Amino acid sequence: MIPPLIVVLNGPNLNMLGMREPEKYGHSTLDDVEALCAETAEALGLAIDFRQTNGEGELITWVQECRGRAAGIVINPAGYTTTSIGLLDALLAVGLPVIEVHITNIHRREEFRHHSYVSKAATGVIAGLGVRGYALALQAMAELLGAVTEDDEV
Ligand code: DHK
């Protein structure tokens, strides 16, 4: 059986993980996050396509390209969470299950980080659990897609 493809998208400044405000975002690099996702996906019987961009248009194009190609989207929209109606519209247009991830608990931070346009298209949101949130998002996605049961161990 061909494993379902989950596209894991990362927005602006996440390429700087590890050196960027480590007291908030931790010490893992984006390469570490990709390795965590690859390892988790393999254990769950999923395939992943892991990407990062600083560009809003590129992120929107990548979401559009998921249509007919991917089974689900895990996305940390980073700074575009609070600003991008275009990103929201793209996520609504592709009509796939979406899990929104934030490394930090955005609700404990500045008020401008509390509102998410992306949440209007998200099946679920994981925030504040560090980079482990990505692994938990893949686990949740596998359950949503019926690929594993809640009792399966990862
Ligand atoms: C990452 C960012 O870059 C911020 O713009 C968000 C998010 C929070 C995170 O916690 O992963 O406000």
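The legends below describe close-up views of the ligand site in a predicted model.

**View 1. Residues around the ligand.** The shell around the ligand contains Arg20, Tyr25, Asn76, Ala78, Gly79, His102, Ile103, Thr104, Ile106, Arg109 and Arg113. By class, the residues of this shell divide into four nonpolar, four polar and three charged.

View 2. Arg20 places a polar side-chain atom 2.8 Å from an oxygen atom of the ligand. For Asn76, an N or O atom of the side chain is 2.9 Å from an oxygen atom of the ligand. Both Arg20 and Asn76 belong to the residues around the ligand.

**View 3. Backbone contact and cover of the ligand.** At Ile103, a polar backbone atom is 2.8 Å from an oxygen atom of the ligand. On its own, the ligand has 310 Å² of accessible area, and the protein covers 95% of this.

**View 4. The largest pocket and its contents.**

**View 5. Lining of the largest pocket.** A total of 17 residues line the largest pocket. Nearest the pocket centre are Tyr25, Ala78, Gly79, Thr81 and Arg113. Among the residues around the ligand are Tyr25, Ala78, Gly79 and Arg113. The lining of the largest pocket comprises seven nonpolar, seven polar and three charged residues, while the shell around the ligand has four nonpolar, four polar and three charged.

Note on methods
Residues numbered from 1 in each chain as written. Predicted model: local features only at pLDDT ≥ 70, side-chain atom pairs only at ≥ 80, totals over all residues. Heavy atoms only, no water. Near = heavy atom within 4 Å. Polar contact = N/O pair within 3.5 Å; in protein donor to acceptor, adjacent residues only side chain to side chain. Areas by Shrake-Rupley, 256 points an atom, 1.4 Å probe, with all protein chains shown as cover. Nonpolar A, V, L, I, M, F, W, Y, C, P; charged D, E, K, R; others polar. 1 Å grid on protein atoms, 1.4 Å probe; cavity = no way out; pocket = protein on both sides within 12 Å on 5 of 7 lines; lining within 4 Å.
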